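Please keep the sequence and the model in view while reading.

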Amino acid sequence: MSRFFRGGDDSSSESSSDEEELYSEEEEEQELDSQKDSDEDSQDESDEVADSDSDSDEGGAGRFLKDASSDSEDSDDEVRAKVKSAKDKRLDELEACIKQIDNGQKNGDWTLISGEFDKLNRQVTKLPSGKPPKPYIRILAELEDFMNEALAKQKVTPKNKKMNATQARALNAVKQKIKKNNKEFQTQIDAYRADKSGFMESSEEEVVEAPKPKKTARFNIEPTAAVTEEAEIDDGFAVVGKGGKTLQYTPESIFKHLRSILDSRGKKNTDRLEQIKVMEKLNEIANTPYQKIRVLLTIVSARFDLGTGTGNIMPLDHWKSAEKELSSLLQVLEENKDYVVVENAEEWDDDEKPPSLQPGEKYIKVPGSLVSYIERLDDELVRSLQSIDPHTSEYIERLQDEGALYNIIFRGLLYYEYLRKDETLETPQDSVNRIVMRRLEHVYFKPAQVVKTFEENCWEAVGKSVESVITPRSQAQDASNLVNILCNYLFSNSDGIIRARAMLCQVYFLALHGEYYKARDMMLMSHLQENIPNFDVQSQILYNRTLVQVGLCAFRKGLVYDAQNTLQEICGSGRQKELLAQGVMMQRYGQVSPEQERLEKQRQLPFHMHINLELLECVYLTCSMLLEIPLLAQTGSSPDVKKRVISKTYRRMLEYHERQIFTGPPENTRDHVMQASKALAAGEWKKSTTFIHSIKIWDLLPNAEEIKAMLSKQIQEEGLRTYLFTYAPFYDTLAIETLSNMFELDAAKVSAVISKMISHEELAASLDQVTATVIFRKGVELSRLQSLALALSDKASALIETNERTLEQRTQGTSNAFERQGGRGRGGQRTGQRQGRGGARAGGNTQRQAGGTQFTGGALGAAVRG
């Protein structure tokens, strides 16, 4: 029905619900203004509608073709239709909904009651007056009583006579709605139940006609004492809610506003920023510790909601605000020992009065999890650092917030220590373990001086009177003691992943500070290398980082073999970036789905936690060079030695470098190491040392000069070994003094190296200490021609074996036809041959008897056998 043709009571009441959905409140208010301001227009409209109703019996176009004279005459005689205001129409709809709910109660139709109850609540919120009508209060009270009766009846009803599932679900839904809705009107409901007839009779007198609002009355300009200072300053304007009512923020209404915010959390079309502004105002007017704690817990949760989702990052200003609010929350809890925030507390449902300390109780428990807030704050900082370009000043500025975060973690640990002192609170051990682990994860990869600065700032902030049980003030100042205390605590009180991660953190810290043997022994005793595939991805990344750090520590100590052996697993794979979570590898042919790629990016470490991959590659290649070049010289002069490869990656690079026709001066780390390898293989150890020392990446290591001196010493020793392996066949004796002068080593050092080679049977020689010479044994080393002949013989034997195996596979059942022996049939016995089809070879004599046709291998086979 058109909004411009309003009929009598029936038509207007029937169409009002449709109009409510089609038009906004503003249009209805304009209708109300136009109806009240222009009485003549409304009278004319009612005349026209009355005419149309009186002539409704005539069908077709005839009802619209009446002349003007008959229209005017008939309209004077009929009763004019009554025009209802928007308020009256809403009250009529209210009565209709109440009648439907009454019918539902009579029939026990909870589905109907649930739908009509929702509709009733929507209509009450749209009433112009702020006070709910008396019929609404009556139906709330009656419906609650009826619901309680139904629930009590359900408990004693046999299972076979209970209501169906649909009605049961509707009953539970109504129960939740009434429980939530009736809190707001509990005072009026109690008054109705005290005096039902008196309460309903007074309804007529209390209805006051609302003043006519103006067009600009979307804001209530009347100043009220409860409006916040910001609203008073803003030129007399105040924040308004639905229906143009001023939102009043008072200490008494804090819990009511918090309840409405929590109910709307997670729903569509919810303005989270607006909710945060409301809670900031509530935080300003909160005057009791309980109010402050509740508001701070809610506002921090709301700020974290801004960072939900995979692509959303918590804004910087909101992160800083959340950090300050968490600090304020800890301050309030420290000042008011009666209030504790614990996870196992029950929710307080009464929004009218706060909880009080009951006899026999020491604390007022507020539900919440501080450790979850601290972990989320930490995770949001990591996500923020991941999204910032690390080569800008913005990253440095953002990284400075880690000090404030570490302070929050430290104070949170102190608070949980306080809670653990009282066993009645039943604080779970897992919460303490989680916050200790967070503190350890901010410490283990940092130098000792940075950790000391962090600790000093934290202890200074909490004051001199505060003491920690887990990390005493006297021992926490030293970084080594702090890491040791935190790890020992987790070893004693945790298990599973947290314990394994604590072990890895301690090994990493020891390796970072040069304690290689302690780190190696802890790593081996933990047996993590056997179980690490069963752990989560983050723990595997930490294991890889620890392994690399142990290898770098071994290199700094001059343990080349240990360093290369440790780094082989990571660097030999060619996926260092991916294994250390320092970058995403480009996959060919779409092997990784978008979901996997997104998860991979989320696991990336912030830039300040990275291990320098260029330094890692340089250390790995240098160690491989010092091990592979002597090995290549040894296998080249003695082909009978089984060929062994230490690093396939290094071998491939070296072969590629040797295939180059022209090699220019080295440009990067890899070129320097390859040219140093070539010089070392040729015996030019000084040139090799120059190439290695010219790599600029060594300056990033502490004590760079000591490391260069260590590398020079290693190159001299390996150059001596390479020289002896290469030129041993050409010497009968060789003076130690000559070798000492050639490689600029002490005679004692040269003797030690040669003795070690002889004892390991790497060198066929003896050391004459009287004449200080090395006497090489002849007849053991093969000449070049002999080595090539042996290699040819091995390959020919392998070829023969392959041919025979291929022939046997192809002929299968007819293979015995080629083995006829002296007129015997196929079943005759054959000495040294297969017993029947597929039998094993008997004895070691493989020569066939004379007279049989056999494959001899030709001249090549005879040469091999001869």
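## A buried histidine

His442 counts as buried because its relative accessibility is 6%. Buried means under 20% relative accessible area, exposed means over 50%, and partly exposed falls in between (1.4 Å probe, protein chains only). His442 sits in the loop between helix H20 (429-441) and helix H21 (448-462). Helices (H or I, at least four residues) and strands (E, at least two) are DSSP runs, numbered from the N terminus. Not counting residues up to four places away in sequence, His442 touches Asp378, Glu402, Leu405, Tyr406 and Ile409. Contact here means heavy atoms within 4.5 Å.

## Model and numbering

This is a predicted model, in which local features need pLDDT of at least 70, side-chain atom pairs count only at pLDDT 80 or more, and totals for chains, interfaces and linings use all residues. Residues are numbered from 1 along each chain as its sequence is written, and side-chain values use heavy atoms, with hydrogens and water left out.

## The chain overall

The chain has 866 residues, and 41% of them are buried. Its secondary structure comes to 39 helices and five strands. Of the contacts with a separation of 6 or more, 66% join residues 24 or more positions apart.

## Nonpolar cores

The largest nonpolar core holds 169 residues, and Leu370, Phe555 and Trp698 touch the most other members. Helix H31 (residues 613-637) supplies the largest share of this core, 13 residues. Apart from this core lies another, of 26 residues, including Leu120, Ala141, Ile189 and Phe199. A nonpolar core is a set of buried Ala, Val, Leu, Ile, Met, Phe, Trp, Tyr and Cys residues joined through side-chain atoms within 4.5 Å.

What does Leu370 contact, leaving aside its neighbours within four places in sequence? The partners are Leu326, Leu329, Leu330, Leu333, Val341, Tyr415 and Tyr416.

Helix H7 (residues 134-156) packs on helix H8 (residues 165-181) at an angle of about 135°, with the axes 10 Å apart. Axes are lines fitted to C-alpha atoms, for helices over the stretch in contact, and angles run from 0 to 180 degrees between N-to-C directions. H7 and H8 are therefore oblique to each other. Angles under 35 degrees count as roughly parallel, over 145 as roughly antiparallel, 65 to 115 as roughly perpendicular and the rest as oblique. From H7, the contact uses Tyr136, Leu140, Leu143, Glu144, Met147, Ala150, Leu151 and Gln154; from H8, Leu171, Val174, Lys175, Ile178 and Asn181.

Asn182 lies in the loop between H8 and helix H9 (186-194). At 2% relative accessibility, Asn182 counts as buried. Its contacts, leaving aside neighbours within four places in sequence, are Leu140, Glu144 and Ile189.

## H35 against H36

The axes of helix H35 (residues 704-727) and helix H36 (residues 736-743) come within 10 Å and cross at roughly 130°. H35 and H36 are therefore oblique to each other. Gln716, Gly719, Leu720, Tyr723 and Leu724 of H35 meet Leu739, Met742 and Phe743 of H36.

## A partly exposed lysine

Is Lys577 buried, partly exposed or exposed? At 41% relative accessibility, Lys577 counts as partly exposed. Lys577 is found in helix H29 (residues 576-579).
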